[in-house]
Amino acid sequence: MAGIGLVLNTAKDGLLTQQYAMNVVGHNIANVSTDGFSKQTAVIGARTPCPYGGFIFGRGAELQEIKREMDTFVETSLRNSTSGYSSLTEKEIYLSVLEGVFNENSGRSINSQFDAFWNAWHDLSNNPSGSAERAVLIESGALLSQSFQDIQNDLDRFDLELNLSMDAGAQQINQITSQIAGLNKQIISMEITGNANDLRDRRDTLIRSLSEYLDVNVFEEGEGHLTVTTGRGYTLVSKTDSYDLSFESGRVRWQGSSGSVDITDTIKGGKMGGWLEVRDEIIPKYKDELHELAGAVIWEVNNIHSRGVGLKGMSSVTGTYAVSDTNAALVENDTTEETSGLAFRDRISEGEFKIRVYNSSGELVEPPAEITIDETTTLNDLVSTIDTEAHLTASVSDGKLTLTADSGSGYTFAFSDDTSGVLAALGINTFFKGADAQDITMNDALVKDRDLIAAGRVYDDGLFYAGDNSNARSLAALKDEKVTLNRYTYDGDSTSGEDTFQGYYTYLVGSVGIKSASVRREQEYAEVVVNQLTEKRDNTSAVSLDEEMTNLIKYQHAYAAAAKLVSTADEMLQTLLATR
Amino acid sequence: MRVSNKAVYDTVTQNLARTSDAMFRANQVVSTGKKINRLSDDPVGLVSVLGLRSSLEYIGQLERNITMGNSWLNMGETALTKVEDILSQAKALTIQMSSANVGEKERANSAEIAEGFLQQVLSLANTMVDGRYIFAGTNTDTAPFELETVNEDPDYRMVDYNGNGTEFSIEIAKDIHVGVGRDGESIFGSDDFAWADPNTGQNNIFKTLIDLKTALENNDVPSIQTTMGELDSQMDRIRGLIADTGSKLNRLDLKANIIQDLRLTYTDRKSELEDADITEAMMDLAAKELAYQAALNSSAKMMQMSLVDFI
């Protein structure tokens, strides 16, 4: 059958093939800026030849396949590094906000508040009876407490925002996985006839967005569908089914076919991985350290303050810390289970303190009440001991100790020589109240009556003087005192060390900077890797207009030639028909 | 190698972003004048800067303490010098009045002068600085010395001390304190003063002056001569105290000088760590600007080229 008919047929196939190829070129050009589009190539091949007249004749060309240009290895590497990069980007964003929280150049720098606070004690020691000095001290104490609380609140807001992001992230992931499952179904049914190139592109784009959220593993299976699992193997997409993630009370849960599993700790990459690391490792470290610092400041200041005396005695005082069990020993005992429930209970030791009582003209009522705290003393014991002292009444309400001097006759009292720390632990005659960075505030009693700020101490003769600055001096000296403070790691472990308050805080701020700088470096490096891989992928898969224009001309010429073939065959037929 | 259009555009975008970011940072250094604009810019340097800032605050506090100490000590020195002056006048009076040439009437008349001395010393002993008594120990808010009449007998008078024995002190360096106020009782004495100088019998300036007045009124020459001896030893003691105050003032001066030097050193060091070298920063900014311009230029040229234009 290798007649002119074959020539015409070959010419027809040539025309069609070039036209198809032109279609592919047109599709490529149209998608030059489509994100995730892979360049398609028309694969043109020679048709199966046929034997005729002792020869084997070629039968022209045909379009064999429309191929999608992609490199699986690059695609997989890009996906994995995208996970890491997104995780680092989120960490970098939150850490740079964290840097702002601890910004030492701003007005609420804790470091400068500390300086102001200690200087206020110095100023008070220069003028112990000065009312202005006392007002400044109250103000700087309140500012210091406020700064602690502000930072703590900012850190709490991080948790809130991160949880919101993760909730939205889980929903986003569910949407993506259900779309992937849908595409799996379409691809399976469509690929019976050929390559579902554009659907595959769309699916790959979705996989890439998914890997921005968490670390995933992806396998292609026989029918062209993808199986997607989390980094640790929890299936997210299996053929045409998808399994959702849910975010409940701060935990990420996988809703598998046989019930839900908490997978929070297995997520290591993507935005979710970054958010989780910030929320569960980075923020807790700084929160813990701030609590540690605030707790130590409260205790050390209170402990010295509670041993001092103001410009006048007190007629009544109520503790700021509540005891949960008034029958429990105040000194912390490791062997019994019972606990007084006081925030600073582990600081109380066996010891004693004195209460001096003064009459309305400021004269000492002898002898001083000497109160002993031994290992079995409970709050109730303390109350009954003090109650037996002349002119003093003690009571407990809501776990807080109240001491009152005889009313009406103008008696007042003052504390001294506390070797047990029980006064500070109960919040009697203290400067701060609260136990950590969250609730540190000034003791209201001092704010109401500044004269109660204990700049001095009761002298051995039982009297106290307006110009005595010994307690204020001890408090000002706390600035350089080394105290035992725990440092935390990002894993939540702690090691105990000695440092001054400001030394500890400076170290904390420095570690925020170091962490942020190292995450930024890692992120910059990951960005370079992702960019390189993206470039590599694009150079394989994305459209080059120059190439398409060349192809356009190539196919155009081929088309013109095939058309010429038709007209030549036509002329040949005319010639044949004219032979009569 | 095949280069896709997307890769070209992406690379241009990334490069421009990177160079403009570098320019932005260089500009930040120039406009703030600081090398450390964020904690992560130089965490280690920042830690030192924070330490130095804190030290400078402390130094500022010490300067205030020293200024305050100076005013107390100066006031104390002035008061003691005046007391010494009065005591020497009193001594001159005793010498004059114990002379045999002086008669009973003249002695009686000069009793008022002795009373004047007493009142002046009393007022000097109650010297105040900023509303606080400097010779009261730490009981600074109550006048330390009070002249009292015993049993409503105008001839039986004594001076009470209301202060205490702890001298008021200030901090001039870590753990170093200087007493700037004084225990008035050990200077002037008082009636219930237990301590007495074994050589002269007693060291109560007020009692000496009261005794002098009484002796003059009573024309009691031997008593006048006794007070003369007492005044000598009291003047000696006051001179000792003036010298002591002077040496304390010297100590504060010395400390103030050291602090001034320290302030300079700390400020220098802090500036070195956190302040940008403006020349260097400007050069850096210029270099970054140039890089950005070059990137803009080449990118624009590259993006314009396409085969489409030639077909």
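What pattern does chain B follow when read along the sequence?

Modeller: This is a predicted model, and what follows is computed from it. Read along the sequence, chain B runs α-α-α-β-β-β-β-β-β-α-α-α-α. That is seven helices and six strands. The radius of gyration of chain B is 38 Å, whereas the globule rule gives 19 Å for 311 residues, so chain B is more spread out than a compact globule. The C-alpha trace of chain B spans about 140 × 35 × 30 Å along its principal axes. Of its 311 residues, 31% count as buried. Among the contacts in chain B with a separation of 6 or more, 68% join residues 24 or more positions apart.

Two packed helices are described by the angle between their axes and the distance between the axes. For α2(B) and helix α6 of chain B, residues 221–274, the axes come within 7 Å and cross at roughly 165 degrees. An angle over 145 degrees counts as roughly antiparallel, and α2(B) is therefore roughly antiparallel to α6(B). The crossing of α2(B) and α6(B) is left-handed. By class, the contact of these two helices has 27 nonpolar, 14 polar and 13 charged residues.

Gly51(B) gives a residue-level view of helix α2 of chain B, in which it lies. The C-alpha atoms of Gly51(B) and Tyr266(B) are 9.9 Å apart in space, and the two residues are 215 residues apart in sequence. Is Gly51(B) buried or partly exposed? Gly51(B) is partly exposed, because 17 other C-beta atoms lie within 10 Å, while a buried residue needs 20 or more.

Phe117(B) is found in helix α3 of chain B, residues 104–125. With 21 other C-beta atoms within 10 Å, Phe117(B) is buried. Leaving aside neighbours within four places in sequence, the contacts of Phe117(B) are Ile86(B), Gln89(B), Ala90(B) and Leu209(B). Of these, Leu209(B) is 92 residues away along the chain, and the C-alpha atoms of Phe117(B) and Leu209(B) are separated by 7.3 Å.

The strand part of the pattern holds a backbone detail. Asp130(B) lies in the loop between β1 (128–129) and β2 (132–133) of chain B. Phi of Asp130(B) is near 50 degrees, a positive value in a residue other than glycine. Asp130(B) counts as partly exposed, with 13 C-beta neighbours inside 10 Å.

Chain B also touches chain A. The contact takes 40 residues from chain B and 39 residues from chain A. On the side of chain B, α1 (5–32), α2 (43–97) and β5 (169–173) each supply at least two residues. The largest share, 12 residues, comes from α2(B), the helix that also packs against α6(B). By class, the side of chain B that touches chain A has 16 nonpolar, 14 polar and 10 charged residues.

Now the partner. Chain A has 12 helices and 21 strands. The radius of gyration of chain A is 41 Å, well over the 25 Å that the globule rule gives for 580 residues, so chain A is also more spread out than a compact globule. Its C-alpha trace spans about 155 × 50 × 35 Å along the principal axes. Buried residues make up 42% of the 580 residues in chain A. Of the contacts in chain A with a separation of 6 or more, 69% are between residues 24 or more positions apart.

The axes of α3(A), residues 110–126, and α4(A), residues 131–190, come within 9 Å and cross at roughly 160 degrees. This makes α3(A) roughly antiparallel to α4(A). The crossing is left-handed. Among the residues making the contact are Phe114(A), Phe117(A) and Trp121(A) of α3(A) and Leu137(A), Leu144(A) and Phe148(A) of α4(A). The residues of this contact divide into 12 nonpolar, four polar and three charged.

A positive phi occurs in chain A too. Asn429(A) is not a glycine, yet its phi is about 55 degrees. Asn429(A) sits in the loop between α8 (422–426) and β18 (432–433) of chain A. With 26 C-beta neighbours inside 10 Å, Asn429(A) counts as buried, whereas Asp130(B) counts as partly exposed.

Definitions and conventions:
Residues are numbered from 1 along each chain as its sequence is written. Chains are lettered from A and ligands numbered from 1 in the order in which they are written. This is a predicted model: local features need pLDDT of at least 70, side-chain atom pairs count only at pLDDT 80 or more; totals for chains, interfaces and linings use all residues. Helices (H or I, at least four residues) and strands (E, at least two) are DSSP runs, numbered from the N terminus. The radius of gyration is taken over C-alpha atoms; the globule rule is 2.2 Å times the number of residues to the power 0.38. A residue is buried if 20 or more other C-beta atoms lie within 10 Å of its own, exposed if 12 or fewer, and partly exposed in between; C-beta atoms are placed from the backbone. Two residues are in contact if their C-beta atoms, placed from the backbone, lie within 7 Å. Axes are lines fitted to C-alpha atoms, for helices over the stretch in contact, and angles run from 0 to 180 degrees between N-to-C directions. Angles under 35 degrees count as roughly parallel, over 145 as roughly antiparallel, 65 to 115 as roughly perpendicular and the rest as oblique. A crossing is left-handed if the near helix is turned anticlockwise from the far one by less than a right angle, and right-handed if clockwise. Ala, Val, Leu, Ile, Met, Phe, Trp, Tyr, Cys and Pro count as nonpolar, Asp, Glu, Lys and Arg as charged, and the others, Gly among them, as polar.
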